[in-house]
4 protein chains.
Amino acid sequence: MADSVPNVPSGAPGSSRALDSSRVPDSSRRSERSRRAIHDAALALVGEVGYAKTTVEGIAARAGVGKQTIYRWWPSRAAVLLDAFVERGDRPARSAGEAEGGSEPAGIPDTGDLEADLKLVLRATVDQINDPVFEMPTRALAAEGIVNAELGAEFVRRLLEPQLHLYVDRLRAAASRTDTDGVAAVRPDLDPRIALELLVGPLAHRWLLRTAPLTHAYADTVVEYALYGLARPRPRP
Amino acid sequence: MADSVPNVPSGAPGSSRALDSSRVPDSSRRSERSRRAIHDAALALVGEVGYAKTTVEGIAARAGVGKQTIYRWWPSRAAVLLDAFVERGDRPARSAGEAEGGSEPAGIPDTGDLEADLKLVLRATVDQINDPVFEMPTRALAAEGIVNAELGAEFVRRLLEPQLHLYVDRLRAAASRTDTDGVAAVRPDLDPRIALELLVGPLAHRWLLRTAPLTHAYADTVVEYALYGLARPRPRP
Amino acid sequence: MADSVPNVPSGAPGSSRALDSSRVPDSSRRSERSRRAIHDAALALVGEVGYAKTTVEGIAARAGVGKQTIYRWWPSRAAVLLDAFVERGDRPARSAGEAEGGSEPAGIPDTGDLEADLKLVLRATVDQINDPVFEMPTRALAAEGIVNAELGAEFVRRLLEPQLHLYVDRLRAAASRTDTDGVAAVRPDLDPRIALELLVGPLAHRWLLRTAPLTHAYADTVVEYALYGLARPRPRP
Amino acid sequence: MADSVPNVPSGAPGSSRALDSSRVPDSSRRSERSRRAIHDAALALVGEVGYAKTTVEGIAARAGVGKQTIYRWWPSRAAVLLDAFVERGDRPARSAGEAEGGSEPAGIPDTGDLEADLKLVLRATVDQINDPVFEMPTRALAAEGIVNAELGAEFVRRLLEPQLHLYVDRLRAAASRTDTDGVAAVRPDLDPRIALELLVGPLAHRWLLRTAPLTHAYADTVVEYALYGLARPRPRP
DNA sequence: CGATAAACGAGACGGTACGTCCCGTCTTTGC
DNA sequence: GCAAAGACGGGACGTACCGTCTCGTTTATCG
């Protein structure tokens, strides 16, 4: 239902297809069984042997599927994994999140204390990143996306954007709070996309480059620095 | 002088090496000519066909070199490229830098105005990142490093660390300024490694994920937000 | 009317066929339109791209027909081509023959001069073999028949036998002439099947192995040698 | 030493090869071990599963060889089999022949009695053809050669021609006998290539088309018919 | 005449093999 | 003894077809 590439033209299905040499398969005839088997096989293999050794051939064999069935629906190994990750990865993440009490996918909590809220979420992100199950596949997808722009866009759109948008919402909420109590939590002119990057950019940097381990303490410090600045508060005259 | 992996044991040089099956090559006999040709070929190919299609065989053919000569001295295609990049990439960067008036490699300027200094450097980084010649090879190396920890460490150590260290120095300088004028530019307790990440993390994030273009204005905003915080200055009681 | 394999059982037609899992198709419902289209497509493709590159998929696509419609009625690609050849190939051959004045299908002429009659027919065979339109498909079928005994038998039965039988008839006629004029054209004990092979065997040999071109002169020589022998007539004592 | 396709230019080995894009491998570096293993595997597989199911992949696997090693030296599966057949097939045939007392490869016997000599040899050919070990591979090669002119030429040149040439020699000898005893065994004007075809053409025809079994009696009859003609000897006046 | 069952077009599917590319190792032949 | 050249065993690629198996859609008798 959410696969990345060959969408149906979404209208006039039997229209003049004869002259289209690009062979668009008919997604209404697609085998749901195979799709799931391929997702499962892909995730299992990445977990077991790593992304570099996960081959299309291997996925097909493990899924009990012909190679062509993979090539028919996905343009690359990475796209398969991304789809698998989005679809299957959602479920455990969501249920885990709900177990913790309605976390991220439900939105960043808004207790009124922006610093506390951000720390909570950044710590959660740290935890997720440190989860060994997610680590390698996510690295693989990120790496692929860095080199392959098209896949990178998919990666951002389908995996990252939903998470990042929560930060934007929370920051916007903080900005609009000015009216109610006369004290905005954030600068009135704040660009939330940039603000967000000040928060998650450092985490991503550290994770991708492995310059230092990601800890809760680190998350806290980043929030503090980002909110109140690196510069020392000017003494008042 | 700077190749990444099979160093000479650097001790006990005359020992009976002939019977050692692990075949450590004698780097003193290494052909300088081949080394350079391999570097050039690697860079040229990455530029022309992209990293994914740059093969060891292709590099060897282009360099007029036997494949074994590559395998003898480097453990992987990525290591070749990294070496090539460090050695050849340095030169243009350095000369460009000197043309601007002794910039980065010579250290971040310290005019006393931290904000201005940081903006200057971040803008320079933005420019370098936007240079199309550097873009693809750098992406390729970064992507490889994300997945391959060993190469990632090399990448950071040899390409990134020197640049990042300049930020650390400048920030430390700002912190120590307290003594001189009684007003530190930065918080006294500042951790410079984290501070640095608040500055470059956002840039890296945007570049790697292509979420938005990198501009000078963006660099300026990042510096402002990072220095003075996202939060609105508290009114004094 | 002449397709090779799944004939109707041709007896007990109303028997309980519904439960028969071997799925014998009802040939009375067969689409004449499709049959012809498949024949035409098969012949056209063999002519255009050669037999080896003529695929079932290609025939189906060209004929505007589902693959299953081919598999339903023929057991193999070769069987399709054989059918096509027999049915469509007949027509031009027959009309050409009739233009010459009631030739082959009507029987070898019997002018009383066996040598002349055989030369005439062998020359006609040479001409037919040299016709570029027939050459490749015939080679393809012959080659297939050499390896595949079942198809070979079909090939002989439906394409070759009718032609060869004419030789047998003519030779038998020559043998029976003894009675009328006291002088038989052929040995009285002659086995016509072997005699026939002495005539067409050499042509076939030369054509299949391409050891030398097939000419009228060659046909004439074969007839002479075959009729009067390789050995020199013994001088009488 | 006798493989069919990529010969060395046979002179000036190191000459300007740089501009030749057709990648001619250096046959002096060829692995004799692999060549033999491929031959053996090919023959074994054709014997076990038949030619149609003998794949390049299968040969490579059985021979413990990379596929590329096959594609490097042969243009097709059929060429491999032909080479294998010529080289390995020779040995058993030769030794069997010598056991019988210096048969074919040593030349057709010349006892002075042409009829007896030819019958002997044609019977031997019948026996060879009926040998189940040779049957299927030979059929496969013959069929391939019928469709593929290039391979057909190789087939004739390397397998057939040597055998056929013996007939030519024997017939020529018979023709030149005129001088010695005043009585030639054969017509003085005889074309030996055509005469030969009168002898082997019928056998080939029967074998390829399976119209009737090949027996010694058949061979004898062919020789008689061919030597003395189908026509009845004219009564003398 | 409308029900119904089979043939039909279309083409997705699990497979097999293709012929190519490259891997990393090994061997040969200079220099 | 390094280097160029490149053959080798091996593994995966992406493609082409195989023959089977659904899907609706005609089509053509029969109830």
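A residue is near a molecule or strand if its C-beta atom, placed from the backbone, lies within 6 Å of that molecule or strand. The legends below concern a predicted model, in which local features need pLDDT of at least 70 and side-chain atom pairs count only at pLDDT 80 or more, while totals for chains, interfaces and linings use all residues. Residues are numbered from 1 along each chain as its sequence is written, and chains are lettered from A and ligands numbered from 1 in the order in which they are written.

**Figure 1. Residues around DNA strand F.** DNA strand F is surrounded by 43 residues, of which A:Thr55, A:Glu57, B:Gly66, D:Ser31 and D:Gly66 are the closest. Two or more residues of this surface come from each of helix H2 (56–63) and H3 of chain A, H3 of chain B, helix H2 (56–63) and H3 of chain C, and H3 of chain D. Helices (H or I, at least four residues) and strands (E, at least two) are DSSP runs, numbered from the N terminus. By class, the surface near DNA strand F holds 18 charged, 16 polar and 9 nonpolar residues. Here Ala, Val, Leu, Ile, Met, Phe, Trp, Tyr, Cys and Pro count as nonpolar, Asp, Glu, Lys and Arg as charged, and the others, Gly among them, as polar.

**Figure 2. Residues around DNA strand E.** There are 44 residues around DNA strand E, and those that come nearest are A:Ser31, A:Gly66, C:Pro25, C:Ser31 and C:Gly66. At least two residues of the surface near DNA strand E are supplied by each of these elements: helix H3 (67–73) of chain A, helix H2 (56–63) and helix H3 (67–73) of chain B, helix H3 (67–73) of chain C, and helix H2 (56–63) and helix H3 (67–73) of chain D. The class division of this surface is 19 charged, 16 polar and 9 nonpolar residues.

Figure 3. Chain D is superposed on chain C by a rotation of 179° with 0.1 Å of shift along its axis (RMSD 0.3 Å). This is the relation of a two-fold axis. Copies are superposed by least squares on the C-alpha atoms of residues with pLDDT of at least 70 in both. D:Gly229 is the residue of chain D that comes closest to the rotation axis, with its C-alpha at 1.7 Å. The same surface serves both copies, as 100% of the contact residues of chain D recur in chain C. Two residues are in contact if their C-beta atoms, placed from the backbone, lie within 7 Å. Chain D contributes 46 residues to the contact and chain C contributes 46 residues. On the side of chain D that touches chain C, at least two residues come from each of helix H6 (132–147), helix H7 (149–176), helix H9 (192–209) and helix H10 (216–228) of chain D. H9(D) gives the most to this side, with 13 residues. The residues of this side of chain D comprise 31 nonpolar, 6 polar and 9 charged.

Figure 4. A rotation of 179° with 0.0 Å of shift along its axis brings chain A onto chain B (RMSD 0.2 Å). The C-alpha of A:Gly229 is the one in chain A nearest the axis, 1.7 Å from it. Of the contact residues of chain A, 100% recur in chain B, and the same surface thus serves both copies. The contact draws 46 residues from chain A and 46 residues from chain B. Of the elements on the side of chain A that touches chain B, H9(A) gives the most, with 13 residues. This side of chain A divides into 31 nonpolar, 6 polar and 9 charged residues.

**Figure 5. The nonpolar cores.** A nonpolar core is a set of buried Ala, Val, Leu, Ile, Met, Phe, Trp, Tyr and Cys residues joined through C-beta atoms within 7 Å. A residue is buried if 20 or more other C-beta atoms lie within 10 Å of its own, exposed if 12 or fewer, and partly exposed in between, with C-beta atoms placed from the backbone. The largest nonpolar core has 120 residues, of which C:Ala42, C:Leu81, C:Leu199, D:Ala42, D:Leu81 and D:Leu199 touch the most other members. Beyond its neighbours within four places in sequence, C:Leu81 is in contact with C:Ala42, C:Val46, C:Pro137, C:Ala140 and C:Leu141. A second, separate core of 119 residues includes A:Leu82, A:Ala140, B:Ala41 and B:Tyr218.

**Figure 6. The surroundings of D:Glu115.** D:Glu115 lies in helix H5 (residues 114–130) of chain D. With 15 other C-beta atoms within 10 Å, D:Glu115 is partly exposed. Residues up to four places away in sequence aside, D:Glu115 touches D:Val223 and D:Leu227. D:Glu115 and D:Tyr228 are 113 residues apart in sequence, and their C-alpha atoms are 9.8 Å apart in space.
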